[in-house]
Amino acid sequence: MKKVLFLIVALVYILTFSRCRNQKKSGEDLKNKDSSTLATPSHNHTGIKDTVSMVSTTLSVSGDVNFPLVLTVDSLKKMKVVGLDSLNIVCQSGATTSSSVKSRGVLLKDILEKASIKQVNHKDRNFYIVARATDGYKATFSWGEIFNNPTGNNTYITFEENGQPIVTKGSMILNCVNDIRTGPRHVIWLKSIEVKKVD
Ligand SMILES: Nc1nc2c(c(=O)[nH]1)N[C@H]1C(S)=C(S)[C@@H](COP(=O)(O)O)O[C@H]1N2
Ligand SMILES: [Mo]
């Protein structure tokens, strides 16, 4: 009887001990995995993480405009939609971060015309336009670039890439396709367009 009891106790002890060891091992694996991820992050020069928390489903147009707007992808689809040629996104460093992106979108110029910039007279042209993202990233344009330069016909708010709605990079992206390097004024997670006047 004593022998049986001893055997049971020994068995329970061995089982418990081996489970602890296994748990510790998987715990260590996890720890190693975490630190190796930290040590060798996947190549991402901008530090951008695809994250749904950054997505804005609306684009506000505000500042020195007669008609402030809050636009959605649906409201853009009701405007003049243009299909863009395949585009590479090239960082200021020269690295291509995305290739052969085929987008659809609306000209920023058309959106600004809809909002109507508050110009006092025809010499009142010293406005700048800020395209801002939810993470604080921004790109700037001047009135002259948009309304008196080919850039105006090459700057789009896009909402579709390769036939799919944009998801992880926001719902709308600003793209200036005639920039020498397209990365800097490629604003993902776009949330607002602000029109400001130089005093
Ligand atoms: N909102 C937001 N947009 C951004 C950035 C950013 O950090 N935040 N980085 C820019 C830079 S430096 C580059 S090169 C491109 C890279 O775009 P991609 O990751 O869509 O290819 O996004 C640009 N747009
Ligand atoms: Mo970049």
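Which of the 15 residues around ligand 1 come nearest? The legends below begin with that site. This is a predicted model, in which local features need pLDDT of at least 70, side-chain atom pairs count only at pLDDT 80 or more, and totals for chains, interfaces and linings use all residues. Residues are numbered from 1 along each chain as its sequence is written, chains are lettered from A and ligands numbered from 1 in the order in which they are written, and side-chain values use heavy atoms, with hydrogens and water left out.

Figure 1. Thr 97, Ser 98, Asp 135, Lys 169 and His 186 come nearest among the 15 residues around ligand 1; a residue is near a molecule or strand if one of its heavy atoms lies within 4 Å of it. The shell comprises seven nonpolar, six polar and two charged residues. In this grouping, Ala, Val, Leu, Ile, Met, Phe, Trp, Tyr, Cys and Pro count as nonpolar, Asp, Glu, Lys and Arg as charged, and the others, Gly among them, as polar.

**Figure 2. Polar atoms facing ligand 1.** An oxygen atom of ligand 1 lies 2.4 Å from a polar side-chain atom of Ser 98. An N or O atom in the side chain of Lys 169 is 2.7 Å from an oxygen atom of ligand 1, and an N or O atom in the side chain of Asp 135 is 2.8 Å from a nitrogen atom of the ligand. On its own, ligand 1 has 540 Å² of accessible area, 88% of which the protein covers. Accessible areas come from the Shrake-Rupley method with a 1.4 Å probe; for residues, only the protein chains shown count as cover.

**Figure 3. The largest nonpolar core.** This core has 35 residues, of which Leu 76, Leu 108, Ile 111, Ile 157, Leu 174 and Ile 193 touch the most other members. A nonpolar core is a set of buried Ala, Val, Leu, Ile, Met, Phe, Trp, Tyr and Cys residues joined through side-chain atoms within 4.5 Å. Buried means under 20% relative accessible area, exposed over 50%, and partly exposed in between (1.4 Å probe, protein chains only). Not counting residues up to four places away in sequence, Ile 193 touches several residues, including Leu 59, Val 61, Leu 108, Ile 129, Ile 157 and Leu 174; contact means heavy atoms within 4.5 Å. In soluble globular proteins, nonpolar side chains tend to be buried together.

Figure 4. Helices (H or I, at least four residues) and strands (E, at least two) are DSSP runs, numbered from the N terminus. Asp 179 counts as buried because its relative accessibility is 17%, and its side chain makes a polar contact with the side chain of Arg 185 (2.9 Å). A polar contact is a pair of N or O atoms within 3.5 Å; within protein, one must be able to donate a hydrogen and the other to accept it, and residues adjacent in sequence count only if both atoms are side-chain atoms. Thr 182 also has its place in the loop between strand 11 and strand 12 and is buried, with a relative accessible area of 6%. A polar atom of the Thr 182 side chain lies 2.6 Å from the backbone oxygen of Asn 88. Leaving aside neighbours within four places in sequence, the contacts of Thr 182 include Leu 87, Ile 89, Val 90 and Cys 176.

**Figure 5. Two residues with positive phi.** Trp 189, in the loop between strand 11 and strand 12, has a positive phi of about 55° although it is not a glycine. Trp 189 counts as buried, at 2% relative accessibility. Asn 162 lies in the loop between strand 9 (155–161) and strand 10 (164–165); its phi is positive, at about 50°, and Asn 162 is not a glycine either. Most residues other than glycine have a negative phi.

Figure 6. Arg 104 is found in strand 6 (residues 103–107) and is partly exposed, with a relative accessible area of 34%. Arg 104 and Val 81 are 23 residues apart in sequence and 6.7 Å apart in space, C-alpha to C-alpha. Ser 86 is in the loop between strand 3 (82–83) and strand 4 (87–90) and is partly exposed, with a relative accessible area of 42%. Leaving aside neighbours within four places in sequence, Ser 86 is in contact with Ser 100, Val 101 and Lys 102.
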